[in-house]
Amino acid sequence: MTESLKLTVDERDDGLAVVYTDGYINNQGGEEIAATAYRLIDAGHRKLLLNLAETKIVNSIGISILIEIIEKMLEIDGQLSFCCLTPTIAKTFHIMGLAQYAQIHETEEEALAALT
Amino acid sequence: MPPPSSSVVDSELWRELFTLEQRGVADRRALDELLGRWARARGLSAASLDQAGSDADAPSSSSGDDSRLASFGLETGGDETLDATLELPSGTLRWRQAADGASEDGTGLDADSLLLAAAARVCGLKRQLEQETFQAMFRGVEMEVLHEIGRAIASTLDVDALGEEILVRAVSLVDARRGALYLLEGEHYVLASVVGGEARPRLESGEADVAALEAAPAEAEAPLPGAAHLLGAAVEVDGDPRGVLIVADKESRRGVGPFVSADRRTLALIASQAAVALENAKLHHLALEKERLERDMELASEIQQKLLPQRPPSVDGFEMAGWNRPARQVGGDYFDFRPVGNGRIGLTVGDVSGKGMPAALLVSTLHSALSVLLDRGEQGSAMIEVVNRHICESSGLNKFITVIYAALDAERAEVEYLNAGHNPGVLLRASGTVEELGSTGVPLGLLPSATFEEATLHLEPGDLLCLYSDGITECAAPSDEEFGLDRLVELLAAMGDRPLNEILSHIDATMLAFADGLPQGDDQTVVLLRRLP
């Protein structure tokens, strides 16, 4: 497993951007996602999809940062969705209440269809 | 600059606060707005409101800075110091005068400042509640993880996948930045899984002591080089070491620090669950491996049975039969009858040193060499010398084969034989005398340049030739007494002119009765040739 999180961003039309994560979403990884999300928001994106297919692990610090991003999206009337979670991460997100404020989809296609 | 107002309170702000509350968003934005109005009313260039007595260890769910509740006119992430401070009941107000030296400063606990303090108090309490809710929910995740690992004991049987799953869950649950799982293999602890950075591939058994690991984490030889804080838990089954689970550097929003006692309990709990799960997976893996080996042995046994003749050839004036019982699934004994040209029939009994699969492999080599040469019409000592050289090249050290080979010329009633270090064959004459077919050379596979002599004998009507392996004569009774050649000769003599298959069945039953339940120590083979009266 890599030392730090790798991010790939796919900026699409209609204010939608997909962010692909690869690695551990911890304090460092979470901050990188937050910085990327805020940059995309500043660039005018209001719909963000986080594809976590290549992330097998997330800790409570990472979750707290994801919650901040969700709050930020709610403040600007935007929408944050997640897709391709491992069963463990999906269960963690549900227990931690992320599913109340962010949509969680099994596949990227399903998430994109819901966002567009 | 807007005109100073007497009060920051207005209906618009309260409406906004109420709306944000209803949307379930943290009220930091509203507090920022309130602070801004307070600062602008006093002509200040920058201000911040910091929480009193914030819990530094708790992860924040609403702010990138654990103690700051609101700020006005500050650059995000800048290292700015503010000039003046006012302690409020719920926190601290800091501010800086505008550059043009505006009229009012922030001093004095006026009504607006107290209102700000009240709002900060509400905000702080709400944040504390959020943090506590967050912690409570994360305990839910912890319970779920332990439950999942317990369930994995019954479902995941792949050791590698299980090791990674256990490590990932341990690292995330105690908010470690890094982690590694080592499993004991022989004398060493081998890295099974790693998260968040490099780890040494192997630890010596003396290096896997948890207390020693935790005491000196920053050493160059540490399992996780560069880690500042280590926490370890031994993975044990009934007190026997199986591995060690190590996590490093507990994360908070401000960086990394040491682990707390609750983390040690959590890690120990995961390690004990992991030990059972890993042991279960390992036992399952061993059982599968054993099953596979047994299937291979069954297949090898079937293949070996096919090397033996299904039935003896029919030769006028003669009768022949063979019988073999390996001590294990596969054996090192071999027998064969086959036409070898010029109307002759070759009879072979071979015995490879040792038993089981290694011996069986050499039996195959012997079978191949003999089949090819005899089918090509090769004869006698020249033939066996080629076989010997071939066996010398194919067999390892201390592996050899004793062989007795007899070629029957039915027309002449003559047998030409070679004995390469094998038990002497016995010839029971119809007249009642017994002759032995002694050694005419060394066992095959010992000396590549060995030579072999042939000997010839004539069979009279009623003569019975018996070739056998030492599993017959050395068959042991519970008293340690061996069956011996005398008993074999007596048995053959007592059976008289009974059909050969009947004699072989009797030998089979006699061997079992003699051993009296002892496990068979060696492969047993008998080949009989009789000139019909």
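**Notes on the two-chain model**

1. Let's begin with chain B, which has eleven helices and 20 strands; helices (H or I, at least four residues) and strands (E, at least two) are DSSP runs, numbered from the N terminus. Keep in mind that this is a predicted model, where local features need pLDDT of at least 70, side-chain atom pairs count only at pLDDT 80 or more, and totals for chains, interfaces and linings use all residues. Residues are numbered from 1 along each chain as its sequence is written, while chains are lettered from A and ligands numbered from 1 in the order in which they are written.

2. How much of chain B is buried? Of its 533 residues, 39% are. Here a residue is buried if 20 or more other C-beta atoms lie within 10 Å of its own, exposed if 12 or fewer, and partly exposed in between, with C-beta atoms placed from the backbone.

3. Now for the nonpolar cores, meaning sets of buried Ala, Val, Leu, Ile, Met, Phe, Trp, Tyr and Cys residues joined through C-beta atoms within 7 Å. The largest has 81 residues, and A170(B), L245(B) and A274(B) touch the most other members. Leaving aside residues up to four places away in sequence, L245(B) touches, among others, A170(B), L181(B), I270(B) and A274(B). Apart from that core lies another of 58 residues, including A359(B) and V527(B).

4. Next, take a look at an open sheet in chain B: its four strands run in the order β2-β1-β4-β3, with antiparallel pairing. Strands count as paired if DSSP finds at least two bridges between them. At the edges are β2 (68-72) and β3 (84-88) of chain B, each pairing on one side only. β3(B) pairs with β4 (residues 91-97) of chain B over five bridges, and T85(B) sits opposite R94(B) in β4(B).

5. Strand β15 (residues 414-420) of chain B is worth a look too: five of its seven residues are buried. It pairs antiparallel with β14 (residues 401-409) of chain B over seven bridges. These two form a hairpin with four residues between them, and A413(B) in the turn has a positive phi of about 55 degrees. β15(B) also pairs, again antiparallel, with β18 (residues 455-458) of chain B over four bridges; there, Y417(B) stands opposite A455(B).

6. Finally, where do the chains meet? 22 residues of chain A are in contact (C-beta atoms, placed from the backbone, within 7 Å) with 26 residues of chain B. On chain A's side, α2(A) gives the largest share, eight residues.

How values were computed. Contact = placed C-beta atoms within 7 Å.
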